[in-house]
Amino acid sequence: MMKKILAIIFLLILAGVAIWQTIASKDVKVGLEKGDKAPDFELLTLNGETKKISDFQGKKVILNFWATWCPPCKEEMPEMQKLYEDYSDEIEIVAVNFTASESNQEKVKQFIENNGFTFPILLDPKNKANSGYEVLTYPTTYFLNEDGIIQDKVVGQMTKQYLMEQIDDM
């Protein structure tokens, strides 16, 4: 009788472990591939306000890494601004400037003001976010869904049409 009780207890423990592993495996890992949770970071805005990428959860996010010296970045930013103006209730555009590569922070501020960009600009003077997202080429853009899960990554310049297609797919 004791052997039966021990066998039942052992089976219950095994079943419990199996259930726990099944539940635990559904956790989304943090990483840089499609389906991964986007790594969080904290940077300052041009106005000195602290922002985290996780602050934007609840909206679809276009996370763009750029620099003022990058011609494709300069060409795609007006398209992102138009998109932001038309869809800011549905999406958030967060542009992380590679500030470590800029001659000074004032140059970034002038570029943004001169072009009338109104989406959030985050400054990365210590290359924390850029290196954390393994950005090697500018522009690089990540598309995140409302839960902060990476839906896609694009290296290179995008058109407004491409941006619209990506938003529809997020």
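This is a predicted model: local features need pLDDT of at least 70, side-chain atom pairs count only at pLDDT 80 or more; totals for chains, interfaces and linings use all residues.
**Overall form**

The protein chain contains five helices and seven strands, arranged along the sequence in the pattern α-β-β-β-α-β-α-β-α-β-β-α. Its radius of gyration is 22 Å, whereas a compact globule of 170 residues would have a value near 15 Å. Along the principal axes, the C-alpha atoms occupy a box of roughly 85 × 35 × 25 Å. Of the 170 residues, 41% are buried. Among contacts between residues at least 6 apart in sequence, 70% join residues at least 24 apart.

**Aromatic pairs**

A pair of aromatic rings is described by the distance of the centres and the angle of the planes. The structure holds 10 aromatic pairs, and two of them are listed below.

| Pair | Distance of centres | Angle of planes | Class |
|---|---|---|---|
| Phe 65 and Tyr 133 | 5.3 Å | 40° | tilted |
| Phe 111 and Phe 117 | 5.8 Å | 50° | tilted |

Phe 65 belongs to strand S3 (residues 60–66), while Tyr 133 is in the loop between helix H4 (128–132) and strand S6 (140–144); the pair therefore ties together parts that are 68 residues apart in sequence. Phe 65 and Tyr 133 are both buried.

Phe 111 and Phe 117 are buried as well. These two residues also take part in a cluster linked by ring pairs, together with Trp 66, Tyr 84 and Phe 119.

**Backbone geometry**

Most residues other than glycine have a negative phi, and most peptide bonds are trans. The peptide bond between Tyr 138 and Pro 139 is cis, with omega about -10°. Pro 139 is located in the loop between H4 and S6.

Glu 134 lies in the loop between H4 and S6. Although Glu 134 is not a glycine, its phi is positive, at about 55°. Its relative accessibility is 55%, so Glu 134 counts as exposed, the cut-off being over 50%.

Asn 127 is situated in the loop between strand S5 (121–123) and H4. Asn 127 is likewise not a glycine and has a positive phi of about 60°. With a relative accessibility of 26%, Asn 127 counts as partly exposed, because this value falls between the 20% and 50% limits.

Notes:
Residues are numbered from 1 along each chain as its sequence is written. Side-chain values use heavy atoms; hydrogens and water are left out. Rings of Phe, Tyr and Trp (its six-membered ring) pair if their centres lie within 6.5 Å; planes under 30 degrees apart count as stacked, over 60 as edge-to-face and the rest as tilted. Helices (H or I, at least four residues) and strands (E, at least two) are DSSP runs, numbered from the N terminus. Buried means under 20% relative accessible area, exposed over 50%, partly exposed in between (1.4 Å probe, protein chains only). The radius of gyration is taken over C-alpha atoms; the globule rule is 2.2 Å times the number of residues to the power 0.38. Contact means heavy atoms within 4.5 Å.
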